[in-house]
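Here is a short briefing to read alongside the structure. Have the chain open in your viewer as you go through the points.

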Amino acid sequence: MITDGKADKKFAYKVKEILADEPGLSVKELAERLKTNRQYMAGVLKVLEEHGSVSHRKVGPARIYFIAGDIKRKPTGR
């Protein structure tokens, strides 16, 4: 998880940078790009989501992440 450490802040910044350039990535895709494991990445994304920096939508079993406010949702017709 993200702590107050400089390395963790830099890592979180890299995650947001990647999502800004390439929105709609899964935990697995982000973990591969940043050469870390999926559990750590999921924890980082959870904290970023709690802070309002990123958001997600479910696609099947996967969570697809975006910079907060950047989700292009399809109308549900309701």
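Helices (H or I, at least four residues) and strands (E, at least two) are DSSP runs, numbered from the N terminus. By that rule, the chain has three helices and three strands, and its elements run α-β-α-α-β-β from the N terminus on. Please keep in mind that this is a predicted model, in which local features need pLDDT of at least 70 and side-chain atom pairs count only at pLDDT 80 or more, while totals for chains, interfaces and linings use all residues. Residues are numbered from 1 along each chain as its sequence is written, and side-chain values use heavy atoms, with hydrogens and water left out.

**The chain overall**
- Of the 78 residues in the chain, 32% are buried (under 20% relative accessible area, with exposed over 50% and partly exposed in between; 1.4 Å probe, protein chains only).
- The accessible surface comes to about 5500 Å², and 51% of it belongs to carbon and sulfur atoms (Shrake-Rupley method with a 1.4 Å probe; for residues, only the protein chains shown count as cover).
- Among contacts (heavy atoms within 4.5 Å) with a separation of 6 or more, 41% are between residues 24 or more positions apart.

**The nonpolar core**
- A nonpolar core is a set of buried Ala, Val, Leu, Ile, Met, Phe, Trp, Tyr and Cys residues joined through side-chain atoms within 4.5 Å.
- The largest one here has 16 residues, and those with the most contacts inside it are Val 15, Leu 19, Leu 30, Met 41, Leu 45 and Tyr 65.
- Helix 1 (6-21), helix 2 (27-33) and helix 3 (38-50) each supply at least two residues of this core, and helix 1 gives the most, with five.
- Leaving out residues up to four places away in sequence, Tyr 65 touches residues including Leu 19, Leu 30, Leu 45, Glu 49 and His 56.

**Helix 3**
- Helix 3 has 13 residues and reaches 18 Å from its first C-alpha to its last, close to the 18 Å expected at 1.5 Å a residue (1.5 Å times one less than its number of residues).
- Its buried residues include Met 41, Gly 43, Val 44, Leu 45, Val 47 and Leu 48.
- Just after helix 3, Gly 52 takes a positive phi of about 85°.

**His 56**
- His 56 is found in strand 2 (residues 54-59) and counts as buried because its relative accessibility is 19%.
- A polar contact (a pair of N or O atoms within 3.5 Å; within protein, one must be able to donate a hydrogen and the other to accept it, and residues adjacent in sequence count only if both atoms are side-chain atoms) of 2.6 Å joins the side chains of His 56 and Glu 49.
- The His 56 side chain also makes a polar contact with the side chain of Arg 63 (3.3 Å).
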